[in-house]
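Look at the structure below with two topics in mind.

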Amino acid sequence: MNKREIKALISLLDDEDHEVSQHVEGKILSLGGNVIPFLENEWEESFNPIVQRKIEELIHELQLSIMIERLQAWKNGGALDLLEGMWIIATYHYPDLSIEKLKASIEQLYYDIWIQFQEEMNAVDQIKRINSLFFGTMNFAANTKNFHSPSNSMINVVLESRRGNPITLCVIYLLVARKLGLPVYGVNLPNLFVLTYKNDNTQFYINVFNRGIIFSKTDIDHYIAQLNIKSKEIFYQPCTNLEIVQRVLRNLILSYEKTSEQDKIREIEKILKSTLDEMEDH
């Protein structure tokens, strides 16, 4: 469709005949993400609040579809790049966010730690060195004031504010540790996300939400016993990038439940569902 035809369609958005306006909305949505710049342009030029509101809703709907497509492509490609998965989630609130900007932020954190890092240190000392910089000079910390804020799940916001929830802090820490060549992975504990340092000879755990405190398998045993739940292998072993992203989405659903934002809950559930296999989808 050319620009003039799209313009003509948009002018019908406030048609009094509900069927006509619905048909027009469907037609615009079928054009896909490429139509967004036209819609933004028409929004700026329109003085009709009804048309503006409908344009906003259409843009949001199109951005949501783009996000779901990206996430499915990321998953089908093996979910290899965790930062890419986190970027896709952040585009829910920040559709124009550039992944390059995120990469540059992680690269800078890595460099600032790398210049003070000694590879010949033992594993525990390496983690202690990262901790002293990550929670010291870099000032990363738990966002205990606004624990349930949706922004805690947006990696761009956490990189800027240096405050986040357990999983987003863990992701940033993990991405930097991986760049340093360390075998650090995420671990899906109930009610808490932590990291594990794991190679052939050594395994211990890191609680990034509690300033990187190091703990052992026995500590997890005690934690599980306190929760009074059955122990599972997944509470001790590395999880996948896909599982991390799914957990971030579940956290977002909880955040919106706290504020009773039903539309957002439905949308995030739809996004989460698009990442689940049919076996998991229940």
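The lining of the second largest pocket divides by class into 8 nonpolar, 3 polar and 3 charged residues. Here Ala, Val, Leu, Ile, Met, Phe, Trp, Tyr, Cys and Pro count as nonpolar, Asp, Glu, Lys and Arg as charged, and the others, Gly among them, as polar. The model is predicted, so local features need pLDDT of at least 70 and side-chain atom pairs count only at pLDDT 80 or more, while totals for chains, interfaces and linings use all residues. Residues are numbered from 1 along each chain as its sequence is written, and side-chain values use heavy atoms, with hydrogens and water left out.

The space in this second largest pocket is about 200 Å³. Of its 14 lining residues, Gln 63, Ile 66, Arg 70, Thr 91 and Pro 95 are the closest to the centre. Helix 3 (36-45) and helix 4 (49-76) each supply at least two lining residues. Helix 4 has the largest share, 6 residues. Helices (H or I, at least four residues) and strands (E, at least two) are DSSP runs, numbered from the N terminus.

A pocket is defined on a 1 Å grid over the protein atoms alone: it is an open set of points where a 1.4 Å probe fits, with protein on both sides within 12 Å along at least five of seven lines, and lining residues have an atom within 4 Å of a point. Grid points are joined across faces, edges and corners, and a volume is the space filled by probe spheres set on the points.

Now turn to the largest pocket. Its volume is about 710 Å³. It is lined by 29 residues, and Asn 188, Leu 189, Arg 247, Arg 250 and Asn 251 are the closest to its centre. Helix 9 (166-179), strand 3 (184-189), strand 4 (192-198) and helix 11 (241-258) are the elements that give two or more residues to this lining. Helix 11 gives the most, 8 residues. By class, the lining of the largest pocket has 14 nonpolar, 11 polar and 4 charged residues.

How do helix 9 and helix 11 pack? Their axes come within 10 Å and cross at roughly 150 degrees. Axes are lines fitted to C-alpha atoms, for helices over the stretch in contact, and angles run from 0 to 180 degrees between N-to-C directions. Helix 9 is therefore roughly antiparallel to helix 11. Angles under 35 degrees count as roughly parallel, over 145 as roughly antiparallel, 65 to 115 as roughly perpendicular and the rest as oblique. The crossing is left-handed, that is, the near helix is turned anticlockwise from the far one by less than a right angle; clockwise would be right-handed. Ile 167, Val 171 and Leu 174 of helix 9 meet Ile 244, Arg 247, Val 248 and Asn 251 of helix 11, where contact means heavy atoms within 4.5 Å.

Helix 9 also packs with helix 7 (residues 123-137): the axes come within 12 Å and cross at roughly 125 degrees. That makes helix 7 oblique to helix 9. The crossing is right-handed. Helix 7 brings Ile 127, Ile 130, Asn 131, Phe 134 and Phe 135, and helix 9 brings Leu 169, Ile 172, Tyr 173 and Ala 177. This contact has 8 nonpolar, 1 polar and no charged residues.

Finally, helix 1 (residues 3-11) packs with helix 3 at about 55 degrees, with the axes 11 Å apart. The two helices are therefore oblique to each other.
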